[in-house]
Amino acid sequence: MTLAIDVHGLNKTFGDKHVVNDVTIQVEQGRICGFLGPNGSGKTTTLRMLCGLLTPDSGSGEALGFDIIAQADEVKRRTGYMTQKFSLYEDLTIAENLQFTARVYGLDRRKDRVDKALERLGLATRRGQLAGTLSGGWKQRLALAAATLHEPKLLLLDEPTAGVDPKARRTFWDEIHALAAEGLTVLVSTHYMDEAERCHEIAYISYGRLIARGTAAEVIAGSGLITFHGEGPNADKLAHELATAPGVETAAAFGAAIHVSGTDRAALEAAVKPYRREPYRWTEVPPTLEDVFIQLMGQSQDNVQ
Amino acid sequence: MTGLSWLRVLAVLIKEFKQLTRDRITYAMMLAIPVVQLTLFGYAINTEPRHLPTAVMVQEDSRYARSIVAALKNSLYFDFVAQARSPAELDRMLRTGDAQFAVTIPGDFSRRVARGDKAQILVEADATDPSATGGAVAALAALPGQALAHDLTGALAPRGQGSAPFEVVVHRRYNPEAITAYNIVPGLLGIILSLTLVMMTALSVTRETERGTMETLLSTPLEPIEVMIGKLAPYVMVGLVQTAIILGMAAFLFHVPMSGGWLGLSLGIALFITGSLALGFLISTVARSQLAAMQMSFFYILPSILLSGFMFPFRGMPAWAQWLGEAIPVTHFLRVVRGSLLKSQGLGDQWRELLALTAFVLVVTALAMARYRRTLD
């Protein structure tokens, strides 16, 4: 087993805000690791420390076998980083953006590589179009093409599909899986549960701390969460009532249905009991990743300060 | 249309007021601009400078000569800073700008005054900036009538009456017709280059930060110096094109003399363009937004226009303002450009200004390199 990312006890403070707190992450080579957590939990900061954009206050580790602090340049050369906000040049064409990237990394066979990337993207016929005029989904795919042009060994993606439609998201993820199959290691932050489920493993970070990690099944099992699925009229009103009941850690309405979760089976049963009557129908279901994350978010200290 | 609602007006007004009080620039505009402008215009700017440095060559040591020097001093326009021993030395002081005026009292002056034989003194003015010398030259008109009033007594008393006992010959050197454009047009080269180059480069890096493209740039193997050279080189072209246009128009439209000093001029232009670009780059490493970069450039350009001797005579300013002015690169660049074009200065006359410009380039580049962050920390 070769670790592409192996960092220990990363810390970063901005002012009096401890944004990343003792984070330790290991990602095996060729794996896709989903990086999850609420807004402001330190995901972006962690990614930036991994690719040398930020210097950790303390902690150490290696990415691709290079020290992330002392050998940041070596890491940069072998890492592709895709920012949360589109950060290619909107006033350059699609081809010009890729050519710029190719030159900056000093790549050989520039024309060949750019043409291949355009082909792979399906943008060969639109190479002369200004990048700024692309739609959100295309922009993200172009950014991915630019981030992988120099054939990195590690890919860091910061919420790459925020605001992108489901079809474009699926295309994007197909590409990521194709890249991982070629041996690329991917660390991707996301808020989408379906994306989290497509990762080989996930790491959940909250308030700068790594709280849970493992495969989706492991994280769900590790949560010890019990979930009841209820159906019936006014499910959304019910969710509101149940949310404050003792033993209920999360209660959320999904259209005409409701998910009630908690870790204490007896207390949860007691809370649901008054509603175990017609016209409601209850069944116990395995908790979804979303149930688990909402529970995790509720547990950890609020980071919106 | 639902008519004017004061409640809605109030909503906007309250929002605007809150945003205004949260923006530090508002306070800068409200307080700094009036204070700075009033101080500059009220104290520093003086379109009729006095106490101008004057070199004198007295070829005879006589009462009359001493009286004339005293009278010049008393007019408050002339401060005697040097005694020249030869016409060449006098000429050099005028050319380098060490002296604004050169007064020559010839060897036969006393004899001629006594004989009533067309006695003359020669006053040469550095008239590159006509407005700087205008007042002093005008004051010279009263000199012959008064300077020797106490000396011409007894038998010589009649010499002091009627027609003046001597005459002042004024030579306006370098710009004999007192054409303002000769002074302003070369000066504009400095102002235009500062205005465009500092602002353009200041915006160029800030734009990357603002648009988020900086994050991608930083995640690549690019070195700071590579970014700086790559970013600034195109603007060197911009600066050279502008220089060509301005000098071309100066020559063909305004007939500004192009009397030489090309080596110093070329060196000066190269240094000034480089320095201005590096300064713009430095500003862009400090400013967080393009708007802030614009405002910072403005705070550089305003004193460059007012205190550099571009608009108002440098020697008309009080000492503190002259010290400030000496710290402004444009001041030194203007001296090089005017000195080259109008006074055909050589490198020997310009080395101090060129040295100042070199220091400007080195200091600003070093600061910019030190400020440029390779990370987002």
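In strand 14 of chain A, R281(A) is the bridge partner of E231(A). Strands here, like helices, are DSSP runs numbered from the N terminus (E and at least two residues for strands, H or I and at least four residues for helices). The model is a predicted one, in which local features need pLDDT of at least 70 and side-chain atom pairs count only at pLDDT 80 or more, while totals for chains, interfaces and linings use all residues. Residues are numbered from 1 along each chain as its sequence is written, and chains are lettered from A and ligands numbered from 1 in the order in which they are written.

The opening pair of residues belongs to a wider pattern. Strand 11 and strand 14 of chain A pair in the antiparallel sense, with five bridges between them; two strands count as paired if DSSP finds at least two bridges between them. Strand 11 (residues 226-231) of chain A is also joined to strand 13 (residues 257-262) of chain A, again antiparallel, by six bridges. Within strand 13 of chain A, H259(A) is the residue that stands opposite H229(A).

Chain A also holds an open sheet of four strands, which follow the order 2-1-4-5 with antiparallel pairing. Its edges are strand 2 (17-28) and strand 5 (66-67) of chain A, each of which pairs on one side only. Strand 5 of chain A is joined to strand 4 (residues 58-63) of chain A by two bridges, and the two run antiparallel. Across this pairing, E62(A) stands opposite D67(A) in strand 5 of chain A. Helix 1 (residues 43-50) of chain A packs on the sheet and touches strand 1 (3-14), strand 2 and strand 4 of chain A. The direction of helix 1 makes about 120° with that of strand 1 of chain A. For such angles, axes are lines fitted to C-alpha atoms, for helices over the stretch in contact, and the angles run from 0 to 180 degrees between N-to-C directions.

Chain A has two backbone features worth a look. Most residues other than glycine have a negative phi, and most peptide bonds are trans. The peptide bond from E278(A) to P279(A), however, is cis, with omega near 0°. P279(A) is found in the loop between helix 10 (265-272) and strand 14 (281-285) of chain A. E151(A), a residue other than glycine, has a positive phi near 50° and sits in the loop between helix 5 (136-148) and strand 7 (154-158) of chain A. With 13 other C-beta atoms within 10 Å, E151(A) is partly exposed. On this scale, a residue is buried if 20 or more other C-beta atoms lie within 10 Å of its own, exposed if 12 or fewer, and partly exposed in between, with C-beta atoms placed from the backbone.

K118(B) lies in the loop between helix 5 (109-115) and strand 4 (119-126) of chain B and counts as exposed, with 9 C-beta neighbours inside 10 Å. Strand 4 of chain B is largely enclosed by the rest of the structure, because six of its eight residues are buried. Strand 4 of chain B pairs with strand 3 (residues 101-105) of chain B in the antiparallel sense over four bridges, where A102(B) has E124(B) as its bridge partner. Strand 4 also pairs with strand 5 (residues 166-173) of chain B, here in the parallel sense and over eight bridges. In strand 5 of chain B, F166(B) is the bridge partner of A119(B).

The domain assignment of chain B gives domain 1 (52-173) and domain 2 (181-376), with 40 Å between their centres, taken over C-alpha atoms. Ten residues from domain 1 and twelve residues from domain 2 of chain B take part in the contact, where two residues are in contact if their C-beta atoms, placed from the backbone, lie within 7 Å. On the side of domain 1 of chain B that touches domain 2, helix 6 of chain B gives the most, with three residues.

Between the chains, twelve residues of chain B are in contact with 17 residues of chain A.

Note on methods. Domains from an automatic or database assignment.
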